[in-house]
Amino acid sequence: MRVQLQLLALLAPFTLATPAAEFGYDPAPLKHEHPGQLFNHVNSKSKCLSGVLTDTNSTGKYESVGGINTYLAYPKSKKTDIAILYLTDIFGVQFVNNRLLADSLALAGYFVVEPDLFNGDPIGVDQLGDPSFNMTAWRERHPPAAIDAIVSSTIAAMRGDLGVKKIGAVGYCFGGKYVARFLAEGKGLDAGFTAHPSGVVAEEWQAIVNPLSIAFGELDASSTPAQRAAAEAIFTSTNITFQTNLYSNAEHGFAVRTNLTDPQKAFAQESAYFQAVRWFDAWIK
């Protein structure tokens, strides 16, 4: 009984009756966020680390996949049997950092499929912190049912037309919620990685059946210590394969955009990338 009460206490932040904002569904406080830098090399002397960008121009191409405008990044081999579904943050496929990160995952040997989750209506980076921007109205235009339909259509096309046999998914911020939703039984994902996920509720964590890795940031107010502990308690109770890493001095959004002049933040971003690559190397390759 004592163990059950302790678990219930940990789950409290994720109670389904709690307002969505308390799950981090609304953007975390912006005071720690940085508008945009993505690594283009790794600060490491290790020769075993590879698969990172060498320039700042995205090199993939756009195609229609399952009727969705989609950015595709191919590995050197051009093989499509092992793939990563890239579910973006609120800045969408239009944000160059998201395309560059897809290219970098492709350089690590994966076919990367990055659908436009918002049908050409992402939030612009220049709107970050703009008090005149109506986030509520934007979210109403892109409810979970609409995003689910896009992800489902993309997965079906990947396994059909594109010949994909195994699918891992990365989800950043907004996209992390849908990594969780599609790691449920029969939803189509074989493994998942998310960095600074937002909006995930207990029911979604509880439904996960396939391996999941999470990169949390110490400064991310959308994933408080209590919420992180609650998620880990759920994973332990459901006996899934999981990994969680907490990066010091890392803000919400750090895996896609951060201040690279800060060594801790640069380390966190690069490490989150390799966390994802190694996770998929273990579970889908």
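This is a predicted model: local features need pLDDT of at least 70, side-chain atom pairs count only at pLDDT 80 or more; totals for chains, interfaces and linings use all residues.

**Entry 1: helix H5**

I began with H5, and its buried residues are Phe174, Gly175, Gly176, Lys177, Tyr178, Val179 and Ala180. How much of H5 is buried? I got 7 of the 8 residues, so H5 is largely enclosed by the rest of the structure. Phe174 has a relative accessible area of 5%.

**Entry 2: the whole chain**

I zoomed out for a moment. I counted 8 helices and 8 strands in the chain. The chain has 285 residues, and 52% of them are buried. I also looked up the accessible surface, which comes to about 12300 Å². Carbon and sulfur atoms own 54% of that surface. Then I checked the contacts in the chain with a separation of 6 or more: 72% of them are between residues 24 or more positions apart.

**Entry 3: strand S5 and its neighbours**

Next I went to strand S5, residues 166-172. It is mostly covered, with 6 of its 7 residues buried. Which strands pair with S5? On one count I found strand S3 (residues 82-87), joined to S5 by 6 bridges. S3 and S5 run parallel. As an example I noted alanine 83, whose bridge partner in S5 is isoleucine 167. I also found strand S6 (residues 191-195), joined to S5 by 5 bridges and again parallel. There I picked out glycine 168, which stands opposite alanine 191 in S6. I then followed the chain from S5 through H5 to S6, and this β-α-β crossover is right-handed. That brought me back to the helix of my opening entry.

I stopped at cysteine 173, in the loop between S5 and H5. Its phi is near 55 degrees, a positive value in a residue other than glycine. Why did I write that down? Most residues other than glycine have a negative phi. Is cysteine 173 buried or exposed? It has 5% relative accessibility, so I put it down as buried.

I found another positive phi at asparagine 119, near 50 degrees. Asparagine 119 lies in the loop between strand S4 (111-115) and H3. With 61% relative accessibility, asparagine 119 counts as exposed, whereas cysteine 173 is buried.

**Entry 4: aromatic rings**

How many aromatic pairs are there? I got 15. I looked closely at tryptophan 138 and phenylalanine 174, whose ring centres are 6.0 Å apart. Their planes are at 70 degrees, so I logged the pair as edge-to-face. This pair links distant parts of the chain: tryptophan 138 is in helix H3 (residues 135-141), phenylalanine 174 is in helix H5 (residues 174-181), and 36 residues separate them. Tryptophan 138 is buried too, at 1% relative accessible area. Ring pairs also link Phe118, Trp138, Phe174 and Tyr178 into a cluster. Two of those names were already on my list of buried H5 residues, Phe174 and Tyr178.

Phenylalanine 235 is buried, with a relative accessible area of 1%. Phenylalanine 242 is partly exposed, at 29%.

**Entry 5: charges over rings**

Which charged residues sit over a ring? I noted arginine 228, whose charged end sits over the ring of phenylalanine 216, 6.0 Å from its centre. I also noted lysine 285, which lies over the face of tyrosine 110 at 4.6 Å from the ring centre.

**Entry 6: far in sequence**

My last stop was serine 153, in helix H4 (residues 144-159). It has 24% relative accessibility, so it counts as partly exposed. How far is serine 153 from glycine 67? In sequence they are 86 residues apart, while C-alpha to C-alpha I got 7.8 Å.

Methods: Residues are numbered from 1 along each chain as its sequence is written. Side-chain values use heavy atoms; hydrogens and water are left out. Rings of Phe, Tyr and Trp (its six-membered ring) pair if their centres lie within 6.5 Å; planes under 30 degrees apart count as stacked, over 60 as edge-to-face and the rest as tilted. Helices (H or I, at least four residues) and strands (E, at least two) are DSSP runs, numbered from the N terminus. Buried means under 20% relative accessible area, exposed over 50%, partly exposed in between (1.4 Å probe, protein chains only). A charge sits over a ring if NZ of Lys or CZ of Arg is within 6 Å of the ring centre and within 35 degrees of the ring normal. Two strands pair if DSSP finds at least two bridges between them. A crossover is right-handed if, with the strands pointing away from the viewer, the path from the first strand over the helix to the second runs clockwise. Contact means heavy atoms within 4.5 Å. Accessible areas come from the Shrake-Rupley method with a 1.4 Å probe; for residues, only the protein chains shown count as cover.
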